[in-house]
Amino acid sequence: MEELLTYIIQSLVDHPDEVSVTERVKDDETVYEVRVSDGDMGKVIGRQGRIVKEIRILMRSVAQKQGKKVSVDIVD
């Protein structure tokens, strides 16, 4: 799952080498923290948060098929 998220984020940004995805488990949910360069933050979030919303939906659907709970956080 982490590889999928990293691939998606790196495809969106201008500086893919600065993308960092950290996985941590909180209770029964896996939280992925995504860090990108300051200039790429808008590309990941999108207008009115549409892109990050779709990324979250995609990751939840993949996790649901595996019987897991997942959330994605974009970190400054």
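**Charges on the surface and in salt bridges**

E18 is partly exposed, with 41% relative accessible area. This is a predicted model. The structure holds 4 salt bridges. A negative surface patch is also present, formed by D17, E18, D38 and D76.

**The negative patch**
- D17, E18, D38 and D76 make up this patch.
- E18 sits in the loop between α1 (2–12) and β1 (20–26).
- A patch residue needs over 30% relative accessible area. E18, at 41%, is therefore above that cut-off.

**The R24, E33 and R35 network**
- Salt bridges link R24, E33 and R35 in a network.
- R24 pairs with E33, and their closest N and O atoms are 2.8 Å apart.
- R35 also forms a salt bridge with E33, with the closest N and O atoms 3.7 Å apart.
- E33 is buried, at a relative accessible area of 16%.
- R24 is partly exposed, at 36%.
- R35 is partly exposed as well, with 34% relative accessibility.

**The D28 and K69 bridge**
- D28 and K69 meet through their side chains in a salt bridge of 3.8 Å, N to O.
- D28 lies in the loop between β1 and β2 (29–35), while K69 belongs to strand β3 (residues 69–75), so the pair ties together parts that are 41 residues apart in sequence.
- D28 and K69 are both exposed.

Terms used
Residues are numbered from 1 along each chain as its sequence is written. This is a predicted model: local features need pLDDT of at least 70, side-chain atom pairs count only at pLDDT 80 or more; totals for chains, interfaces and linings use all residues. Side-chain values use heavy atoms; hydrogens and water are left out. Patches are made of residues with over 30% relative accessible area and no salt bridge: like charges are joined within 9 Å, nonpolar side chains (Val, Leu, Ile, Met, Phe, Trp, Tyr) within 5 Å. Accessible areas come from the Shrake-Rupley method with a 1.4 Å probe; for residues, only the protein chains shown count as cover. Lys and Arg count as positive and Asp and Glu as negative; His and the chain ends are not counted. The place of a charge is taken as NZ of Lys, CZ of Arg, CG of Asp or CD of Glu. Helices (H or I, at least four residues) and strands (E, at least two) are DSSP runs, numbered from the N terminus. Buried means under 20% relative accessible area, exposed over 50%, partly exposed in between (1.4 Å probe, protein chains only).
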